[in-house]
Amino acid sequence: MKNYIEQPTKFRFILRVIGTPIIMLIFIILTNEFVIAADTNEKGYENRHFDVRIAFNQGFSQLIPAPRRLTASKMAIEVPDLAYSIDKNTGVMRSLSSHTGFLSPAKIGRQPMVVAMEFLKANAAMMGMTKNEMTNMKVSDNVYSVVSGATHIYMSQEYDGIPVYSGQLQMNVSQGQRILSINNNLMLGMDKAANTLKPSIDLADAVIKAARQIGLSGVRKPKVLNSAAGVQQLSTVQSSDISLEPIKGSLMWLPIRHGMMNLVWNFQIYTLDKQHVYDFTVDAVSGKVWTRFDWVISAQYRVYARPAESPNHTNPLPPADARTLENNPANSGASPFGWHDTNGAAGAEFTTTRGNNVHAYTDVNADNSPDSGSSPNGGADLKFDFPVTLNSRPNTYRDAAVANLFYWNNIIHDIQYQYGFDEAAGNFQSNNYGKGGRGNDGVRAEAQDGDGANNANFQITPDG
C-alpha cells in the first residue's frame, strides 16, 4: 500500500494579542491541512458528570496480543506517520490515522460505504474484531459533507439484539475515496464479557436508584405507563417527584473493561429545576449507578459580541459598558462538545478560558506562557461575566479582556469551519475528534502581553 499525500503546506498558528484593553480579533485564515491531539486537562466539571468506571479501572491495563501489535507495525511500514491509540481498559484500538496522508489509496468511483467495509474487513485482525463482532454492527448514520466532500460513516454495536452503550465505530472517507481515519469505541469479546441477559430490577427501581444518586430522597416509586416490550424491554414510567418528563428507558450493555460488560438500564431524567437532563446507566442486576452525563451544555460570556468591531463601534460608546451576555454561542457543528472540551465526550474538561480551539490568558511578563491564574474561571456553570471600567487601567479588568479574547477566537473558528476550514482542511484544534487532519495545535491567545502595546502577531510553525 502506498501513502497518498494530497495536502498543501501545513502551519500552526500561535496567536499573541497584546495591549488593547478589550481585544477584538480579525485575522486572515490560510487554507491548509492540519491535525489534532489532546491537551493536558485540569480540574473540570465536578458534579455535572459521574462515571464509576474511572475509579473502578484504576490500575487495570489490558495487555494487547503481540499479533495485533505486529500487524499495526506492518501497516506502519506501508503508511508513513501512522498513528494509533489503544484503550488500556478495553483493549480496543481507539483511533487510527496518518499524520501526513491517508490510510488507503484512492478508489475513484467506488461508494464510500464499500470502501469503508473493505478496509475494515481487511484490517479486522489489527482492530481486534472477530467475524461475529463484524456482523453485530449496523450502519446508524451516513453523513456526506458538502463542504469537504468527505463521508462520515457511523456504525453501532449490539449483542443479542441489545445495543452497546456508546458502542460506535466511525470511519471517515475522503472525497477521493481514501480512508482518512477511524474512531473506535466498540467493545471486544462481548460473548465472554456479558454478565446476564435477564434484569433483576425493572426500570422504575432503576429510576429510584438514580434519583437518590442526585440527592432526591423520599420520592415515590414511578408509575408504569408502558410495560416492558421487546428484547430491550422498552418501558416508560412517570414520577412528578423526579422528572418533568415521562422517563423512557431500555436495556443496554455498558462496557466496563476487557471481559466485563454489564446489562444496564439507560434513561434520562429531566430535573425539576429545568437545569439538567441527566443520562443514566444503572446496573440491571445490582442497581448500581454506573454513569450519569448531563446533556445540558450551558455557557455565558459577557463580551463585545459580533458584529461589533471594538468598544468604539457600540452604543452606548465608551466609557460606558456596552457588552452583552451571550448564551451558548458555540456552533454545534464546528464545536460539537462546546468550547471547553478536549476529550470528545460530554462535559467540559476546563471551566477556564481554555478548550479545544483556544487557550486564552494574559502574558504580562512576555515569556510566551500563561501568567499564573490568568485564565479566568467561569465555574461549573461556565459563566464568564466579569466587570470592566474602560476609563481605568487595563490591569483592572484583565479577566474581562481574556474572556472577550476567548469568545472571539472561538467565533472565528466556528464561522470559518462552516466555510470548509475544518479538521481535514488544517484548522486549529487540540482534538480533531477523529475527523482527519492533525491535532495539538489549538490557538494560544495572549492578552495584555508585556512586549508592548496595541500590537498582535501570529507565530507560524509546522502543523501539529
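A charge is said to sit over a ring when NZ of Lys or CZ of Arg is within 6 Å of the ring centre and within 35 degrees of the ring normal. Arg 257 does this with Phe 60, lying over the face of the ring at 4.2 Å from its centre. Another example is Lys 288, whose charged end sits over the ring of Trp 290, 5.1 Å from the centre.

Before going on, a word about the model. It is predicted, so local features need pLDDT of at least 70 and side-chain atom pairs count only at pLDDT 80 or more, while totals for chains, interfaces and linings use all residues. Residues are numbered from 1 along each chain as its sequence is written, and side-chain values use heavy atoms, with hydrogens and water left out.

Let us stay with the rings. A pair of aromatic rings is described by the distance of the centres and the angle of the planes. Rings of Phe, Tyr and Trp (its six-membered ring) pair if their centres lie within 6.5 Å; planes under 30 degrees apart are stacked, over 60 edge-to-face, and the rest tilted. The structure holds 13 such pairs. In one of them, Tyr 159 and Trp 253 have ring centres 5.7 Å apart and planes at 65°, so this pair is edge-to-face. Tyr 159 is in strand β6 (residues 151-159) and Trp 253 in strand β11, so the pair links distant parts of the chain, 94 residues apart. Strands (E, at least two residues) and helices (H or I, at least four) are DSSP runs, numbered from the N terminus.

Are these two residues buried or exposed? Buried means under 20% relative accessible area, exposed over 50%, and partly exposed in between (1.4 Å probe, protein chains only). Tyr 159 counts as buried because its relative accessibility is 15%, and Trp 253 is buried too, at 0%.

Now compare the rings of Tyr 301 and Phe 384: their centres are 5.3 Å apart and their planes at 5°, so the pair is stacked. Tyr 301 lies in strand β15 (residues 300-303) and Phe 384 in strand β18 (residues 383-384), so the pair ties together parts that are 83 residues apart in sequence. Both Tyr 301 and Phe 384 are buried. They belong to one aromatic cluster, together with Trp 339, Phe 386, Phe 406, Tyr 407 and Trp 408.

Next, look at helix α3 (residues 112-122), whose buried residues are Pro 112, Val 115, Ala 116, Phe 119 and Leu 120. Seen down the axis of α3, these residues fall within an arc of 130° (the arc is that of the directions from the helix axis to the C-beta atoms), so they line one face of the helix. On the other side of α3, Lys 121 and Ala 122 are exposed.

Side chains of opposite charge can pair when their charged atoms come close. A salt bridge is a side-chain nitrogen of Lys or Arg within 4 Å of a carboxyl oxygen of Asp or Glu, and the whole structure has ten of them. Glu 118 meets Arg 110 in a salt bridge (2.5 Å, N to O), and a network of salt bridges links Lys 107, Arg 110 and Glu 118. Glu 118 is partly exposed, because its relative accessibility is 32%, and Arg 110 is partly exposed at 35%. Elsewhere, Asp 87 forms a salt bridge with Arg 94, with the closest N and O atoms 2.2 Å apart. Here Asp 87 is buried at 17%, whereas Arg 94 is partly exposed at 21%.
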